[in-house]
Amino acid sequence: QVQLVESGGGLVQAGGSLRLSCALSGRTFSSYAMGWFRQAPGKEREAVGGIVWSSGSTNYADSVKGRFNISRDNAKNTVYLQMNSLKPEDTAVYYCAARYVLATKYLYWGQGTQVTVSS
C-alpha cells in the first residue's frame, strides 16, 4: 500500500525557515514525479512546486521561487521542501503528492502538515 507521510510543520516567525519531509513507502518511486501543494483557509489548493524523482528536475510557483527548495533523498525515499524567508501568506496546510512522471493527475496524497507563519 502506497503511503505518503508529511512531517515538519509548525509555527514560525516571518523570515524564518522550516523543512517539510514527505516519507514515501509502498513502491519504488523512480518513475514518479512528486509535488508539494498547499491550501490556506478559505482558499483553493495551489501547487507550490515539484520534482521528478529520477532526474531531480524541479519547478516552483512564482510565489515561492527563490525562497523554497525541493529535493529528494533516494536512500531514505523522502522528499523535502525547504522553506526560507517565510511570510504570513505562506500559512497553509502543506501536502505532498505523487503521480506517474508522464501523467498529469496525482494519484497519491499525504495527510498534510500545518505551517503557520506569524507576523
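**View 1. Charged side chains of the predicted model.** In this predicted model, the protein chain carries 12 positive and 7 negative side chains. Lys and Arg count as positive here, Asp and Glu as negative.

**View 2. The surface of the protein chain.** What share of the 119 residues is buried? Buried residues make up 42%. A residue is called buried when its relative accessible area is under 20%.

**View 3. The strands and the overall fold.** The protein chain has 11 strands and 0 helices. Reading from the N terminus, the elements run β-β-β-β-β-β-β-β-β-β-β. Along its principal axes, the C-alpha trace spans about 40 × 25 × 25 Å. The radius of gyration is 13 Å. A compact globule of 119 residues would have a value near 14 Å, so the protein chain agrees with that expectation.

**View 4. Contacts across the sequence.** Take the contacts between residues at least 6 apart in sequence. Of these, 53% join residues at least 24 apart. A contact means heavy atoms within 4.5 Å.

**View 5. The disulfide of C22 and C96.** How many disulfides does the count give? It comes to 1. C22 and C96 form this link, with their sulfur atoms 2.0 Å apart. C22 sits in strand β3 (residues 18-25) and C96 in strand β9, so the pair ties together parts that are 74 residues apart in sequence. The angle about the S-S bond is 65°, and the link is right-handed. Are the two cysteines buried or exposed? Both C22 and C96 are buried.

**View 6. N77, a loop residue with positive phi.** Look between β7 (68-73) and β8 (78-83). The loop there holds N77. Phi of N77 is near 50°. That is a positive value in a residue other than glycine.

View 7. Where does S85 lie? S85 is in the loop between β8 and β9 (92-100). S85 is not a glycine, yet its phi is positive, at about 50°. Is S85 buried, exposed or partly exposed? Its relative accessibility is 40%, so S85 counts as partly exposed. The partly exposed class lies between the buried limit of 20% and the exposed limit of 50%.

Methods: Residues numbered from 1 in each chain as written. Predicted model: local features only at pLDDT ≥ 70, side-chain atom pairs only at ≥ 80, totals over all residues. Heavy atoms only, no water. Helix = DSSP H or I, 4+ residues; strand = E, 2+ residues; numbered from the N terminus. Rg over C-alpha atoms; globule rule 2.2 N^0.38 Å. Buried < 20%, exposed > 50% of the residue type's maximum accessible area, 1.4 Å probe, protein only. Charge placed at Lys NZ, Arg CZ, Asp CG, Glu CD. Disulfide = S-S within 2.5 Å.
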